[in-house]
Amino acid sequence: MRVGIFSNNVRRSLEVKAALTRRFLERHFIIDDENPEVVVTIGGDGTLLSAFHKYIDMLDKIRFVGVHTGHLGFYTDWRDDEIDDLVISLQSDNGQSVSYPLLDVFVTYKDSNKRDVFTALNEATIRRISSTMVTDVFIGGEFFERFRGDGLCVSTPTGSTAYNKSLGGAVVHPTLDVLQLTEVSSINNRVFRTLSSPMIIAPKDWITIEPEGAADFILTVDSDSYHKLKIKEIKFKISKKKIHFAKYRHTHFWHRVQTAFIGDEDAD
Ligand code: NAD
């Protein structure tokens, strides 16, 4: 098996990377960061997000495995003291995987014919910080509302526990093929009105936004941000691509949510 190892620069992660590399070589794995079949990330959810973007053009050929060197993450199942078990699981691998939906973001600009396409694992946001963002919002091509506020966030199911959750969005089970649209500080009064609730968008639909005026929008795609954009239109759709994780153990999704956000009642 060809394995790639992707680590953050935290000392503990680099130690785990060195130990894992030794184990792989002892057991005759091929370490190949250019053309891997399985990518093992070492760090946290942010590390997995970075690896996802590094291998974005090879998603159909790669399965990811996340090792966490901090607390249990949403994309990281293995503890850093379990690498021997991980190597044994990879040795008896028979290709089992679990796949989750991704978000495609199509951006067109006011001053050029340039078109950018991004793919997000967690979410994409469009924001304006200098003053109010005003944008028309369309669902499935039909006008829905005129939004005024700080911005909008479109998240994937696995991203629903990240920024989306901080915005009051629902936590979505990752086997559902849906997107979620949440507002960032909308203005609601007698004059201006938005739905003011998170919306779950069906797989056949897409979200379009056409922001008004200005040349100072900020687009974020997971950890990346793009500034001072003159945006004409952004379309958000469920991607045809999926992310695949090698599945050797199963952490029940709601158990993971409970551990991350509620924890042990007796712990404090
Ligand atoms: P980071 O690695 O410091 O991540 C920030 C936090 O988000 C970490 O605690 C991480 O574990 C957690 N996280 C990331 N993905 C998650 C997921 N799918 N479910 C639950 N928690 C998750 O910073 P980064 O590398 O810049 O990560 C980018 C992500 O951070 C963004 O995609 C966004 O979702 C999240 N974020 C959250 C907020 C917020 O909640 N207010 C603000 C900015 C960014």
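# Rings and where they sit

Let's start with F74: this residue is buried, at 18% relative accessible area (buried is under 20%, exposed over 50%, partly exposed in between, with a 1.4 Å probe and protein chains only). The model is predicted, so local features need pLDDT of at least 70 and side-chain atom pairs pLDDT 80 or more, while totals for chains, interfaces and linings use all residues. Residues are numbered from 1 along each chain as its sequence is written, and side-chain values use heavy atoms, leaving out hydrogens and water.

**Exercise 1.** Find how many aromatic pairs there are, then describe the one that F74 and F261 form.

*Solution.* 
- Step 1: Rings of Phe, Tyr and Trp (its six-membered ring) pair if their centres lie within 6.5 Å; planes under 30 degrees apart are stacked, over 60 edge-to-face, and the rest tilted.
- Step 2: Count, and you get 8 aromatic pairs.
- Step 3: Take F74 and F261: with 5.7 Å centre to centre and 35° between the planes, the pair is tilted.
- Step 4: F74 is in the loop between β4 (63-68) and β5 (78-79), and F261 is in helix α5 (residues 253-261), so their pair ties together parts 187 residues apart in sequence. (Helices, H or I, at least four residues, and strands, E, at least two, are DSSP runs numbered from the N terminus.)
- Step 5: Check the cover. F261 is partly exposed, at 37% relative accessibility.

**Exercise 2.** Which residues do ring pairs link into a cluster, and which charged end sits over the ring of F261?

*Solution.* 
- Step 1: The cluster is made of F64, Y75, Y100 and F245.
- Step 2: Over the ring of F261 sits the charged end of K165, 4.3 Å from the centre. (The rule wants NZ of Lys or CZ of Arg within 6 Å of the ring centre and within 35 degrees of the ring normal.)
- Step 3: Another case is K237, which lies over the face of W206 at 5.6 Å from the ring centre.

**Exercise 3.** Step back and sketch the whole protein chain.

*Solution.* 
- Step 1: The chain has 5 helices and 16 strands.
- Step 2: Of its 268 residues, 47% are buried.
- Step 3: Along the principal axes, its C-alpha atoms fill a box of roughly 65 × 50 × 35 Å.
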